[in-house]
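Hi everyone, thanks for making time this morning.

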Amino acid sequence: MAFIHLDVGFLYTLLVCTAFGSMLSNAEIKVNPPQDFEIVDPGYLGYLSLQWQPPLFPDNFKECTIEYELKYRNIDSENWKTIITKNLHYKDGFDLNKGIEAKINTLLPAQCTNGSEVRSSWAETTYWTSPQGNRETKIQDMDCVYYNWQYLVCSWKPGMGVHFDTNYQLFYWYEGLDHSAECTDYIKVNGKNMGCRFPYLESSDYKDFYICVNGSSESQPIRPSYFIFQLQNIVKPMPPDYLSLTVKNSEEINLKWNMPKGPIPAKCFIYEIEFTEDGTTWVTTTVENEIQITRTSNESQKLCFLVRSKVNIYCSDDGIWSEWSDEQCWKGDIWKETLVFFLIPFAFVSIFVLVITCLLLYKQRALLKTVSCITVFSLR
């Protein structure tokens, strides 16, 4: 028993010493953070490059494949984006209306450090665009709509308190363009640029679309405004057309329409239907261009519906509803209205003919009496 107790004690001591030795060994391994960490603006209106150089290594680690843990965010954001990479650069889009902060460290893999990963300290950097002009000089109420997934139009209002000579210029960029481009077709209000009609934007879907609107004035500097859109999320389709409403029986009604014209695939639509039955209105949605509904009463005298469309969640994260279509209606007991429509004029015509006939007969009788009297008088 004493031998067994001694053996167990020896093993325990051996494990403790091994673990302590491993910790001590790892504690002695250190790795430096990356060098020359910086944020570079290539002039793409918010699409920035974070880049760095490898850390300095002792000779015995030069054969190790290292990774980098990169964290970045706009300064007012609560959450960091985290990337693990072996590269020496990483690109992403940022809101240049705000500052950017980033940090990076070196990750030394376990096979190079006796079994456990080793991290360096953080290297940190920040980036701000050069501030100019007061915040109030920025444009207001920027609104961009991608009409029918074909034509992008943006509009804005001037900044508060800007001088009358202020004018604005819009620049844009998305991945695929060699450089940022200026709007070539401005929407003008009183001679000032207050919007832009964009040209055909080839291969621009499902990418970040960067816009900068800056201004110029001889009286004061104008602060630029930066925006990032995903164009498929601001599509406004055409309204559906050729609506039809068919009453199949006393209860079932079929509503049908044509999908909007244009390049948007049929699978990308969702429809909102506003249905009215004798003054009572309700709304429903469907991804098909046809729907069956049930009348609340088979005595209904008037049924009407309208439809509008939007790009659905399978093709975008968001969208803009189209305008409502023209209204399509059905009216019950139409023969009664038709009968009344014909009977009222017929009654008026009949009464008119009767009156004229009576007047003619009355005049004829009066004329006959006069002739009779003259004849009698002549005979005497």
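By disulfide I mean a pair of cysteine sulfur atoms within 2.5 Å. Before we count, some housekeeping: this is a predicted model, where local features need pLDDT of at least 70 and side-chain atom pairs count only at pLDDT 80 or more, while totals for chains, interfaces and linings use all residues. Residues are numbered from 1 along each chain as its sequence is written, and side-chain values use heavy atoms, with hydrogens and water left out.

Let's take cysteine 268 and cysteine 315, with S to S at 1.9 Å. The torsion about their S-S bond is about -75 degrees, so this disulfide is left-handed. Cysteine 268 sits in the loop between strand 19 (252-258) and strand 20 (269-277), and cysteine 315 in the loop between strand 23 (302-311) and strand 24 (328-331), so the link ties together parts 47 residues apart in sequence. Strands here are DSSP runs of E, at least two residues, numbered from the N terminus. Cysteine 268 counts as buried at 3% relative accessibility, and cysteine 315 does at 7%; buried means under 20% relative accessible area, exposed over 50%, and partly exposed in between, with a 1.4 Å probe and protein chains only.

Next, cysteine 304 is joined to cysteine 329, again with S to S given as 1.9 Å. With 110 degrees about the S-S bond, that link is right-handed. Cysteine 304 lies in strand 23 and cysteine 329 in strand 24, so parts 25 residues apart are tied together. Is cysteine 329 buried or partly exposed? At 31% relative accessibility, it counts as partly exposed, whereas cysteine 304, at 5%, is buried.

Then there is cysteine 144 with cysteine 154, their sulfur atoms 2.0 Å apart. Cysteine 144 is in strand 9 (residues 140-147) and cysteine 154 in strand 10, 10 residues apart. Both are buried.

Strand 10 (residues 151-157) runs antiparallel to strand 14 (residues 192-197), joined by 3 bridges, and cysteine 154 stands opposite cysteine 196.

Thanks, and I'm happy to go back to any of these cysteines on the screen.

Note on methods:
Pairing = 2+ DSSP bridges. Helix = DSSP H or I, 4+ residues; strand = E, 2+ residues; numbered from the N terminus.
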